[in-house]
Amino acid sequence: FFGGVDSSKPTIELKFSPDETYLPRDQPLDIQCDLLNPTEKTDSPQLWHVDLKTHKRTAISRLLLTSPNNDVPDVFKNIKNHRYEFLRKNRLRIRRLQLEDSARYECDCPDCEEQVPTRSRDLYVMKLAEPRWIVEPG
């Protein structure tokens, strides 16, 4: 214990790669949720997708991406395009970002022995406008 910070306390880490606030369409994105310094070896974090309109939380899992049920957000129902890839537990890749991928992602540890604050991060996918030049004769 040095300088008022206990480095052995469990903490949640939520990372986007690339680490940008606004991302253009068609760019890939990796989302990662980790628990650092767990109290118990069995403590495990959970990555969540939160719909920005309905605020519905959906746990990210292999089952969600391979055979989603009717109760999940629409973005997960269209799995034929394979844009969402389950890399491993709490690791998600979106191959080509689309506007409908904008959402909040949360990482928490609901079953941890010690309470750990939830981390959240918003993903905003932007449509960049192409400049159009109008040249008139004269």
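**Charged pairs and their surroundings**

Author: Asp71 is a handy way in: it counts as exposed because its relative accessible area is 53%. The labels go like this: under 20% relative accessible area is buried, over 50% is exposed and anything in between is partly exposed, using a 1.4 Å probe and protein chains only. Before going on, bear in mind that this is a predicted model, where local features need pLDDT of at least 70 and side-chain atom pairs count only at pLDDT 80 or more, while totals for chains, interfaces and linings use all residues. Residues are numbered from 1 along each chain as its sequence is written, and side-chain values use heavy atoms, with hydrogens and water left out.

So who is Asp71's partner? Its side chain meets that of Lys56 in a salt bridge, 3.6 Å from N to O. This pair ties together distant parts of the chain, 15 residues apart: Lys56 sits in the loop between strand E4 (46–50) and strand E5 (57–59), and Asp71 in the loop between H1 and H2. Lys56 counts as partly exposed because its relative accessibility is 31%. A salt bridge is a side-chain nitrogen of Lys or Arg within 4 Å of a carboxyl oxygen of Asp or Glu. Helices (H or I, at least four residues) and strands (E, at least two) are DSSP runs, numbered from the N terminus.

Pro68 counts as partly exposed because its relative accessibility is 23%. From Pro68 to Asn78 is 10 residues in sequence and 9.0 Å in space, C-alpha to C-alpha.

Next up is Arg57, whose side chain meets Asp108 in a salt bridge of 3.1 Å, N to O. Again distant parts of the chain are linked, 51 residues apart, with Arg57 in strand E5 and Asp108 in strand E8.

Asp30, Glu85, Arg93 and Arg95 form a network of salt bridges, and a search of the whole structure turns up 13 salt bridges.

Strands E3 and E8 come up again with the cysteines. Cys33 and Cys107 form a disulfide with the sulfur atoms 1.8 Å apart, the definition being a pair of cysteine sulfur atoms within 2.5 Å. Cys33 lies in strand E3 and Cys107 in strand E8, 74 residues apart. Both are buried, and their link is right-handed, with 70° about the S-S bond. There are two disulfides; Cys109 is bonded to Cys112, S to S 1.7 Å. That one has a torsion of about 75° about the S-S bond, so it is right-handed. Counting bonded cysteines along the chain, the pattern is 1-2, 3-4.

What about the nonpolar side? In soluble globular proteins, nonpolar side chains tend to be buried together. A nonpolar core here means buried Ala, Val, Leu, Ile, Met, Phe, Trp, Tyr and Cys residues joined through side-chain atoms within 4.5 Å. The largest one has 28 residues, and Ile31, Leu47, Phe76, Tyr84, Leu92, Tyr105 and Leu123 touch the most other members. Elements supplying at least two residues each include strand E3 (29–36), strand E7 (91–94), strand E8 (103–108) and helix H1 (62–66). E3 gives the largest share, four residues. Leu123's contacts (heavy atoms within 4.5 Å) include Phe16, Leu29, Ile94 and Tyr105, leaving aside residues up to four places away in sequence.
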